[in-house]
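Biologist: I have the sequence and the model open side by side, and I would like to go through a few local features with you. Could we take them one at a time?

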Amino acid sequence: MSRSGDKKTNAQREAEASGHPVKALTYDPSAALGGTEVAALLGEDPDAVFKTLVTQGRTGGHLVFMVPVSGELDLKRAAQAAGEKAVAMIHQRELLPLTGYVHGGCSPLGMRHPFPTFIDETALLYDQVFFSGGRRGLQLRMSPEHLAQLADARFCDLLCRR
């Protein structure tokens, strides 16, 4: 475990305090440039490793979407799920002040403010899913149902079809 692994993140504390089974997994963040590399380092199916994306709806509210690292968020499906006419990704520089997390380490748990959260329904195909633990180099593993309960999230069809 790296030195940064000694201090628990807000996401990790929130997950552990829930009473639901959760496992923290660490990896060398310098060895992974993206989510598929993280999945490979963990030896996991990239369809079971989820990335957390923060958007802003046309009405001005922020929304959180989780999709597999192997997939791409369909912004039209995301807007429909959230009841918005359109959503757009926020700028990377807005992420830290808004959520308390950096790009590559954004977790749906423990954000500075709770935002409506949506998880791609493919998460339900797995007993356990992986997602950022709140910093680069830390992933959390738990059941998708428990994650949805903690994040107050809904399951929706969010992926681009190609």
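Predicted model: local features only at pLDDT ≥ 70, side-chain atom pairs only at ≥ 80, totals over all residues.

Biologist: Which residues of helix α4 are buried, and why do they lie on the same side?

Modeller: Helix α4 runs over residues 92-99, and its buried residues are Leu95, Leu98 and Thr99. Around the axis they cover an arc of only 90°, which puts them on the same side of α4. In general, an α-helix has 3.6 residues a turn, so residues three or four places apart point the same way.

Biologist: Against which strands does the buried side pack, and which exposed residues does the face turned away from it carry?

Modeller: The buried residues of α4 make their packing contacts with β2 (50-57) and β3 (62-68). The face of α4 turned away from the buried side carries exposed residues, and these are Arg93 and Pro97.

Biologist: How many aromatic pairs does a search of the whole structure find, and which rings are involved?

Modeller: The search of the whole structure finds 1 aromatic pair. The ring centres of Phe65 and Phe118 are 5.2 Å apart and their planes lie at 20°, so the pair is stacked. Both Phe65 and Phe118 are buried. The count is thus 1 pair, formed by the rings of Phe65 and Phe118.

Biologist: How many residues apart in sequence are the parts that this pair ties together?

Modeller: Phe65 belongs to strand β3, whereas Phe118 belongs to strand β5, which spans residues 117-120. The pair therefore ties together parts of the chain whose separation in sequence is 53 residues.

Biologist: What is the volume of the largest pocket, and which element gives the most to its lining?

Modeller: The largest pocket has a volume of about 610 Å³. Of the 27 residues that line it, the closest to its centre are Lys51, Thr52, His103, Gly104 and Gly105. The elements that give two or more residues to this lining are α2 (35-42), β2 and α4. With 5 residues, the element that gives the most is β2.

Biologist: How do the residues lining the second largest pocket divide into nonpolar, polar and charged?

Modeller: The second largest pocket has a volume of about 150 Å³. Of its 13 lining residues, the closest to its centre are Pro108, His113, Pro114, Phe115 and Ala151. The lining divides into 8 nonpolar, 3 polar and 2 charged residues.

Biologist: Is Phe115 buried or exposed, and which residues does it touch?

Modeller: Phe115 lies in the loop between α4 and β5. At 14% relative accessibility, Phe115 falls under the 20% cut-off and therefore counts as buried. Leaving aside residues up to four places away in sequence, the residues that Phe115 touches are His62, Val64 and Leu98.

Biologist: Where does Asp152 lie, what is its phi, and is Asp152 buried or exposed?

Modeller: Asp152 is found in the loop between α5 (144-151) and β8 (153-156). Its phi is near 50°, which is a positive value in a residue other than glycine. Because its relative accessibility is 66%, Asp152 counts as exposed.

Technical notes: Residues numbered from 1 in each chain as written. Heavy atoms only, no water. Buried < 20%, exposed > 50% of the residue type's maximum accessible area, 1.4 Å probe, protein only. Helix = DSSP H or I, 4+ residues; strand = E, 2+ residues; numbered from the N terminus. Arc of directions from axis to C-beta. Contact = heavy atoms within 4.5 Å. Phe/Tyr/Trp six-rings, centres within 6.5 Å; stacked < 30°, edge-to-face > 60°. 1 Å grid on protein atoms, 1.4 Å probe; cavity = no way out; pocket = protein on both sides within 12 Å on 5 of 7 lines; lining within 4 Å. Points joined across faces, edges and corners; volume = space filled by probe spheres on them. Nonpolar A, V, L, I, M, F, W, Y, C, P; charged D, E, K, R; others polar.
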